[in-house]
Structures are given as structure tokens and as C-alpha cells.
Amino acid sequence: MDATRPVNPYIAGSPVTGTEMFFGREDVFSFVRRNLTGRHRDTPIVLYGQRRTGKTSVLYQMHRHLDPRYRCIFIDPHGLNLNGIENLLWGLATSIRRGLQRDHQLSVAVPDRAAFAASPHTAFETTFLDAVWSILGQDHLVLMIDEVVRLHEEVRAGRLEREVFDYLRHLMQHFERLNFVFSLGSGVEEMRKDYAFLFGVALYHRISFLEPAAARALITQPAQDCYQVMPDGVEKILQITSGHPYYTQLVCHCLFDRWLRAPKPQVTSADADAVLPEAIELGSANLTYVWEDSTPEEQAMMAGMAAAMPAGDSAATADQIREVWHKAGVRLPAGQAATAARNLTAREVVVASNGSYSFAIYLQRLWLDKHRRLDWVKEELEEPSRKWSEEPEQKRDRSAKAETSAGDKPPHRQRSRVSPWAATLAAVGAGILALIVVIIVLSSSNSHSTASSNSHSTAGAPKKIGSSAASSSATTPAPPAQAKYTLGKTYATTQDTSCNAGTNDATITVTAVHTTTSPDGTPPENGNFMIATVTVKEGYSGVRDVMRNLSSPTACRHKRMACSRKD
Amino acid sequence: MQDNPFTYGNPISDRHRFVGRDREVEQIFGRLRNEEFESSSLVGDRRIGKTSLFNYLADPRVRAQHGLLPEQYVFVYADLQMVDESMGPVRLWHWLLKLMRQQSVDRAVADLAITLEGDERLDTFALDELFEQIDHEGQHVVFLLDEFEHITSNGNFGPDFYYGLRSLVIHHQLALVTSSRRELIELCHSEAIKSSPFFNIFANINLGLFTHADADRLIRQSLSRTEVQFSDREIEEVFDLAGPHPYFLQAACWVLYESHRKDLGEQARTKILRTQFDQEATPHFADYWGNSDDYEKIVLTAAALLEQKTTPERTFSLSDLHALFAASEPTVKHLEKRGLLTPVSGKYRLFSSALSPWILYQITAELSEQQTFPEWWKQNQKATERITGKQAEPLRRILPKIRTNYRQLIITWASDPQTIGAVASLLNSSLAFAH
């Protein structure tokens, strides 16, 4: 290779720290801008999303999109000593010092480690932060803590005091100019439950697939000095990756490599097709991880889906998936299939639509074809399949009801599976006519909410957040942007699992499920809960307000909010 | 006559003698040249040339040709075979920092590395500070970590090590190129590590057999500096024995070259080549076999049996294999990646003609084992229950001829009623000649 040859600009693995290879996410930045300055400015912001969706990259870009008075400091807990609060706070202080020096040319001293060992709170808060405020003047300090679940893991392992989260809350409440932005890839539900005082009141924004325009820009712009990606090539890549940032970068990386070997002025869909085997090889760790991170039921669903849709890009119903397993001599119970489908949808591995399922990332389906075909994994699933065959009919029938809503009401994804509670709740929820309460009060009080943004960003196509009890075709018109919700008004009352919105007029359905559960967490009986659903136009900015209001002082102990996307 | 230009045993360290792997070299350097200075994971079986490739990548002139100037890029090669059960993250870092100091041409990097070399409290944060300063010097560090499985399988290296290493790679001008026998995620000693995001910073680059063009180039380029010429028949013989496998090609060519030096006739040279190649290859075949799982052993055995049947072409199709073992397809792909099976015009063959007799020898029982079969049968009633009925009769007859260690494997293989007849028949016709 000649050193003067063009360098492949596409990044397949590392977070994007520069500007040239970062596209889209204006909705995220707008959300953060709005909430750092609006009436929720003392509330932590949580950017959450599946692995590889670009949360770290977004944090790296944040400072370019905020008012310069907001001094962003990136904190990676993976690089800190989390053994005890004294080490954590010393690490935080040192990271802040280094960030202020490197990125903002501001110098501040950190008390020595002995001071943190003797009195960590005093050293951090009184000595260090006071020094920080004195050099910042009226500016804010925005601490962006990546993968904050690491702190929770260390608490759980007994190496870090649980009070660390109380302390973070204390800092938020007592320092007006100290803001927190967290990123979370897993454990959202657990964090909300265990640290409700912090994560129960936080403002959440999902980071998901890129919007189509951003994905198209990523596909075409970095390579434009070398070749033109023809429209059929662009569409092909979008079809393969659905605008998932990592997989889009990966396929484009392979395409660029192919061009380096045989330069030509234009690349087409045929070129995109030709690089797929290489993309699967290079991205093997991530594609394998999706499989490894799945339960046997989820694995059965994936392998069954791939087998039930030989045409490639079609969708398969749960019945078709169970039928291919049945033909292979394995009974996949309806309830298990429904739960697995919901989990996979929540993880954005699968897209659910009208009771059918397709792969969100076509590359994943190709990987399955290559490495985990149904007849190959049958033996791997021998033990769980024995349990499936022993599952009583009654249980299956009960769970089968949930299948009708499969994929529509997934909870925040966490490493632990969706609880039986959630599955049963969905079943009960689908069984009764949902009481849907939404109250809309137009408001323009928050100037930052004027930005076109929604709290859930998915690839281009229609977006859906909701439950089976929700209706994307709700009779009530979508509220205008800038609206704010309060309790007290019925909005829509239909029961429909469809989500048929078009690309540019996507519908978002938000469902909050409130319930009074018994103390041991068993599901409520009929009538003890309420489902509230809102249908809004894409770009609507007040989704979080809905959730906040609905979670306010009712006797609700649980809330589920979920998103799925649909092509 | 000149020295033998072929070498085997030690990795190639002279860049002029390094042949092929253009694609892999481009991929690795391409990722290092991009904006995020990206890491790669090289996966290939033993003797496939991973260390030779590392040596090539680390050569300052090679790096410079690819735009990574030695004065800005420090390449640190570390052979992780020396990581044993007594070593943990701190000692590993001490050693890596020492290597970094020794292999850096930049004084500032060497001076920085030495500050932490003996620090017993060394943690990720201290390393973070170090690499921050190295960034500040405008330097980039690439760790070439050979045989990374010695880390992933070592219980002393817990999740914190991987989290910390990933953090350093993401935030600093530090990149890793690892080599391992299998994909890193397959080699982890715990689920906690397997599910860590460490592995997603890598692109997976598989190192398999040479292309035929590269294999041919290796022979011709090496001979071009000598007066010796191999005849076409000899080259054909070399390919038959070694396939396009870099190590075995070197070994076969070395033997053949030595025969030329002795002025032996072609027939004698070929005979010596076959005999000595077998001796040289046997321990390596044993290693590949020992590192194969049951399915791989079944497919390799089926392939060996099919090759016996199709000599001299010794090729077979996927459907031939499927008729003998229904779950063969994914394993074939795996063996192809490992370089043990090679595709030939839509069919497959074992990479070396010497492998098939070796495998059949492995699974064939000695006379003494045949004599003690009834005893074995009694002791393994549970296993043998899987082959019942009239259909299994031929297999039960052949089982005494299978080496004790492999009877269970053969039963596993043949327990599918769809294929039991074909398996028994093939075993029956082949094993008679194996010893």
C-alpha cells in the first residue's frame, strides 16, 4: 500500500470523536440543550440506547452543540478506580481537572489522595468544587458520565458504597451550575428501581438508529472525493443496516476498502452486496454478541425467523416461526415466543409490525444464515426445548394472549430478561379495554422546547413507543409541537397493535402503565391499573413531560415505557 | 550452492522474505491510519503465520511505507505466551511499559514509560495519565499482542482489566492488534468478560491459507535467489502435501531444496519429501486435532474417509458430507477458516494429502483394543443404547475397529438414523486399509 492512498474514513468499532464522521443526532443535542436550561435544569439527563448505537460518540460531540458557557467534561467510569467513594471522587476530580485543562485551558488543583481518603466529601465538595466554581465564574460544569451502570455494578459487587448515588443527587440539588448527563446501555430499569431518587426523576432520551437523512449523509459524504454512491447503493445500505450507526459505518468501511482495491467513479448496490461477507467477518464480535446475549427462547425466535423467511427481507408471524420449529420437532410455546419477541424488539434486534417480525439489521439475518441456522442450533437448544415441551397448556394459553401484543410493549431493555410480571401485565392489559388518559395543555413556557425534537430517535422509518392498547390510528388529532401534558383528559380509547405511519409523518405512541402491585411483585388483578397512551407526530418535544406527569403522585409503583421501530 | 532459502520453525523476520497477506496488511494499517486509530483482532490457527505478520507490521520501513512514520508511531510487540498463572494486570503492564521503553525511538515516550515501570500501585488511572502525556507528545502507540488467549483464559485478568484497557484505547492514541487462535469472544474465561464491551472495538480479521497465487509466489520468489529449480511435478507434489499453507509449504520446500543440494534424482527427492514431510507434519496435525471440538473431528474424519474414496482427486462436496453428517455445514465453514479444509472448484479437500491417512490412523484401533472390545461394550451400555435396531448392525460390527478413545465420538456421529448406514459403510470400507 502506498502511504498517499486515500485513508478509509469509516470507523467500524471505536467511538467517533472527530466531527467529520459524525452525522445526525440533532434531536439529542436539542433535548440536552433544552433541558439544561429549562425548568428541569436540576434534573439529570439520561441518554440510553442499545450497545453500539453511538452513545459515547454523542457525548464526545456534546460540547460542540452546547452554549460554550456549559463546560463539558467526559467521564469514563471504566478508567476510574471505583473501589470506594474516596477513590471515585478523587478520580472524578482528577478527570475534571484534566478536562478543564485540556479542553478549556483552565487550571485547577486537586487535593491530594490523602485528603480524599480522610474526608472524601469535604475534599471533593468543599475544597475541589469551590476551586472549580471560582475559575468557572458563571459558567456551568456538565459532567457527562458514560455507562453509569458501572457504578451500580460496583455497588452490587460491594466495592462501592451505595450512597454514592445519594451523593450525586446531593450535588445536583446543591450546585445550581453543576449538571449531569449520563449514558446507559443496559440496566435502565434496574437503575430506576434501585435509585429512584436519581434515575426515577431523570429526563430520558433514547439513542437509536440514525434518521434517514443522517444515514444517507454518512453513506455518501465521507467518500465523495473518491466515488459517488449511486442511489441504489444508498438504498441498499439503508436496507441492510436500517441506519444503525455502527453497521452503516461497517458496511461503508468495507465498501471503501473494495473501492481502494479497484477504484471506479461510482459504487452501486451490487458493490454493497459484494462486501456483505466481509462486513459479517469484520463485525463478527458484535453480531455474535447479539446471539450470545440472548436467552434460548430469543435464540429460537431468531433462528426460527430466519428459517421462516427464506425470501430474505420478508417478515414472519409468530405462528410461522413456531411452525418451522414444529416441523423440526421442537415445540416453541406461544407465551415463550411472545416474551422472546418482545425482548428482541426492545433490544432493536427485531422489528414487530402487525404481528409479524423482521430483523432490524439485515446483517444479523445474514450472520444467522452463516452461523446459526435452525437445524444447526436445534441441538444447542435441546435442553430448553425439553422444558418447553413440558410447559402446561394453561400457562401457554395465558401467555398466548400476550402474543397479540408482542413487540409492542417492551420495557426498557436490561441485561435481565423481561419479568414474568411484565409479560402477564401485558396479557392482562390486552385483555381489558385500556383506559387511556391523556391530558393536553398547550404551553409554550419552555423556550427550548421549540426545537424540533422527540425523546426517541429511530432510523428513519416510523417510530413507535407503545402498547397493544395504544392506537397509532387514534381518532384524536396529534397534538402540536411545543405541547405539554397534564393529567385529566381522555385522549384516545382504541385498541390496536398496528403502526402504519409513513416515513415523514411518523407516529409515536407513548404508553405508561401504572399499577399497584402486591408487595411481592406479583401481577395485579384486572382493573388495578391504568394505561395511558399518547399519540403524537414525529418531532413532538413533550414526550418526557407526559411521562413525568403520569409518574407523579399517584399510587403507582411501576411504570413501563418502551419503544420499537418499524420499517 | 546457496543456503536453503526456505525456513520453518521460526517466524519470518526479514521483510524481504515475507510474502502475501496484502489484504490483511491493508486492513490493519488502514484501520490504524483512520481518524480514530482503530484496533484489529487477527484470528488464525497455529502456524498460519500470525507472528510473521506481526514482525512484518512492526518493521519500521514497512510501517513508513504505509504512512505510519516511526518517529510518530511506537509499535510494541509482546509475545503473551510468557503470561502465566502467576501474572496479573499490574505485572503485565510493567512488562508492556518496559517493552514500550525498549522499542520506542522517541525519547519522551521512553522517559514517560519508565515512570510507571515499577509502580506497584499502577492502575488504569495512572495509565490514563501516562497515555495522556504520550498524546500530548504527539505520539501514537500500537501494542501488537501475540497469542492474546493467554490473557483471555487467565483468571487473574478480570473485567476491570478489559474495561480499563478499552478505556485507554478509546480515549488515547493507543491501538491494539491482537492475535489469537480463535475469536476473542470464544476464548473468555467468564461470562462477565464475554459480555464486556471490550471486544466491540476490534474488527475481526481472519488469517487463513495463502491464496494459490501467493503460495506460488512464495516458492518462485524464494528460489529466484538460488540456482535450484523445482520441476513442475515437484511443485505439484509440494502443493499436494502442503496445500497453500504457509508453514507446511516452507517445510516441504525446505526438504525438497535439501534433496536438490544432495544431487539426488527426482524420484529419490520425491520419496524423501514424502517421508520427511510426514515426520514434520505429524506433531502439528496432532495439535490441530487436539484443538478441534467433537463436530470438527467428525467432519475431519468424514472428509478423510471421503478423500480415501475419491483418490487421486480427493475432493468431496458439501452434500457428500451432509449425507454423512447432517450438521456438517457450519463446521465446514469453521474448518475452512482454520485452513484445514480448502475449497476446490465448488468442492472441498483437506489442505494436505497427508492429513487423511493420519486421521484414519488416529481413529483405528490396535489389535489389543479390538480384543478388549466386549469389555468396553459392557462398560458403556448407556452410550451404546443410542445405536440400537437392525439399522445399527453394521456400525456395531465396525465399532471394535475404532480406537477406544473415539468410539464415543463415532457413536455420537452415527446416532442419526438418517446417516448411520452411510457412516458404517464408509468406515467399513476404509478402516481395513488404515493400519
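In chain B, the C-alpha centres of domain 1 and domain 3 are 41 Å apart. This is a predicted model, in which local features need pLDDT of at least 70 and side-chain atom pairs count only at pLDDT 80 or more, while totals for chains, interfaces and linings use all residues. Residues are numbered from 1 along each chain as its sequence is written, and chains are lettered from A in the order in which they are written.

**Domains of chain B**
- Chain B is divided into domain 1 (21–206), domain 2 (212–290) and domain 3 (294–431), with bounds from an automatic or database domain assignment.

**Where chains A and B meet**
- Chain A brings 38 residues to the contact and chain B brings 39 residues; two residues are in contact if their C-beta atoms, placed from the backbone, lie within 7 Å.
- On the chain A side, helix 3 (85–104), helix 14 (276–282), helix 15 (284–292) and helix 19 (362–371) each supply at least two residues; helices are DSSP runs (H or I, at least four residues) numbered from the N terminus.
- Helix 15 of chain A gives the most to this side, with six residues.

**A helix pair in chain B**
- The axes of helix 5 (residues 107–116) and helix 6 (residues 124–136) of chain B come within 10 Å and cross at roughly 170 degrees; axes are lines fitted to C-alpha atoms over the stretch in contact, and angles run from 0 to 180 degrees between N-to-C directions.
- Helix 5 of chain B contributes B:Val109, B:Leu112 and B:Leu116, and helix 6 of chain B contributes B:Ala126, B:Leu130, B:Gln133 and B:Ile134.
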